Each structure stands twice: as structure tokens, then as C-alpha cells.
Amino acid sequence: MEKSVFTRIMEGEIPGRFEYEDEQVIVIHDIAPKAPIHLLIIPRKPIPTLMDVTEEDLPLIGHIHVVAQKLAQKLGLKGFRLVNNCGKEGGQEVFHIHYHFLAGFQE
Ligand code: AMP
């Protein structure tokens with residue numbers, strides 16, 4: 001399968017604005033933000049969509065939630081929205097699973 005744009009960012013082939021990374025995920029700023037803070041939490045494992053997640057991926061999916069907490073703490077946020085677009089009909093454009101972390105909406 002062809003490398004996704006996100007794998008290319010992980011491998012340093014194309015630039016990305018990193019906010020966080022660890023052994024399981026990277027977090028970058030979305031190139032076309034749809035909120036004052038719009039990050040993408042992207043597993044290093046190139047799972048195409050949420051429908052391809054298996055039981056063995058559950059620790060990774062849990063980890064994504066802990067990373068979302070860390071981002072909120074790091075950025076001093078009281079709240080955020082975590083969104084996954086699944087499949088073309090769900091609005092997914094990049095077929096490498098990722099979660100949109102959206103924040104900075106007015107209180
Ligand atoms: P989705 O529609 O859920 O697949 O979301 C893909 C997201 O990736 C969109 O919000 C795009 O703006 C974002 N995106 C695409 N290419 C890049 C890139 N090179 N760097 C950062 N974000 C990107």
C-alpha cells in the first residue's frame with residue numbers, strides 16, 4: 001500500500017508541525033485548521049480506518065485518549081472535542097487512522 005501523507009511526515013519526508021510524539025503516536029497541527037486549536041493524533045501504525053481496528057489495537061486506541069488528556073493539560077485546556085472521520089462517507093480523506101483534537105472554542 002502507498003505510504004500515507006502522515007507516514008511521510010513521521011519519516012521526515014515532508015514537514016509537519018509537531019506538538020507531541022512518543023513510541024505509539026505523533027501529534028501534529030492540522031494544515032487547514034477548523035478550530036482555534038486543531039491537532040491530529042496519529043498512530044504510527046498505519047491502520048486505514050476505524051473499521052480496521054482489531055482487538056490487538058485496543059491498547060493503542062486507549063493510549064490515544066491518554067494523549068488527548070496530556071495535550072489538554074499541556075495546553076491548559078478545560079475541554080476539547082475528539083473526532084474520528086471513518087470512511088469516505090464519514091468525511092475521511094486520509095486513509096491512515098487519526099483523531100482530530102479540536103479546542104479553543106468560546107466558552
Ligand atoms: P480526514 O478528513 O478526517 O481524513 O482529515 C484529514 C485531515 O488531514 C484534514 O483536516 C487535513 O487538513 C489534514 N491534512 C492533510 N494533509 C496534511 C498535512 N500535510 N499536514 C497536516 N495536516 C494535513
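The model is predicted, so local features need pLDDT of at least 70 and side-chain atom pairs count only at pLDDT 80 or more, while totals for chains, interfaces and linings use all residues. Residues are numbered from 1 along each chain as its sequence is written, and side-chain values use heavy atoms, with hydrogens and water left out.

His98 belongs to the loop that runs between β4 (81-83) and β5 (99-103); helices (H or I, at least four residues) and strands (E, at least two) are DSSP runs, numbered from the N terminus. His98 counts as buried because its relative accessibility is 6%, where buried means under 20% relative accessible area, exposed over 50%, and partly exposed in between (1.4 Å probe, protein chains only). Beyond its neighbours within four places in sequence, His98 is in contact (heavy atoms within 4.5 Å) with Phe6, Leu40, Ile41, Ile42, Val83 and Asn84.

Helix α1 holds Thr7, which is buried because its relative accessible area is 11%. The side chains of Thr7 and His96 are joined by a polar contact of 3.3 Å. With neighbours within four places in sequence left aside, Thr7 is in contact with Pro46 and His96.

Turning to the ligand, 17 residues surround it, the closest being Asp30, Asn85, Glu93, Val94 and His100; a residue is near a molecule or strand if one of its heavy atoms lies within 4 Å of it. On the side-chain side, a polar atom of Asn85 is 2.9 Å from a ligand oxygen. From the backbone, a polar atom of Glu93 lies 2.7 Å from an oxygen atom of the ligand, and an N or O atom of Val94 is found 2.9 Å from a ligand oxygen. On its own the ligand has 510 Å² of accessible area, of which the protein covers 86%; accessible areas come from the Shrake-Rupley method with a 1.4 Å probe, and for residues only the protein chains shown count as cover.

The largest pocket is where the ligand sits. On a 1 Å grid over the protein atoms alone, a pocket is an open set of points where a 1.4 Å probe fits, with protein on both sides within 12 Å along at least five of seven lines; a molecule sits in a pocket if more than half of its atoms lie within 2 Å of its grid points. Two or more residues of the shell around the ligand come from each of α1 (5-10) and β2 (25-29), and α1 gives the largest share, three residues.

Lys45 links the remaining two residues. Glu56, in the loop between β3 (37-43) and α2 (58-75), counts as exposed because its relative accessibility is 63%. Its side chain makes a polar contact of 3.3 Å with that of Lys45. Leu60, in helix α2, is buried because its relative accessible area is 8%. Lys45 is 15 residues from Leu60 along the chain, with 9.2 Å between their C-alpha atoms. Apart from neighbours within four places in sequence, Leu60 is in contact with Gln24, Val25, Pro43, Lys45 and Ile47.

Conventions
A polar contact is a pair of N or O atoms within 3.5 Å; within protein, one must be able to donate a hydrogen and the other to accept it, and residues adjacent in sequence count only if both atoms are side-chain atoms. On a 1 Å grid over the protein atoms alone, a cavity is a set of points where a 1.4 Å probe fits but cannot get out, and a pocket is an open set with protein on both sides within 12 Å along at least five of seven lines; lining residues have an atom within 4 Å of a point.
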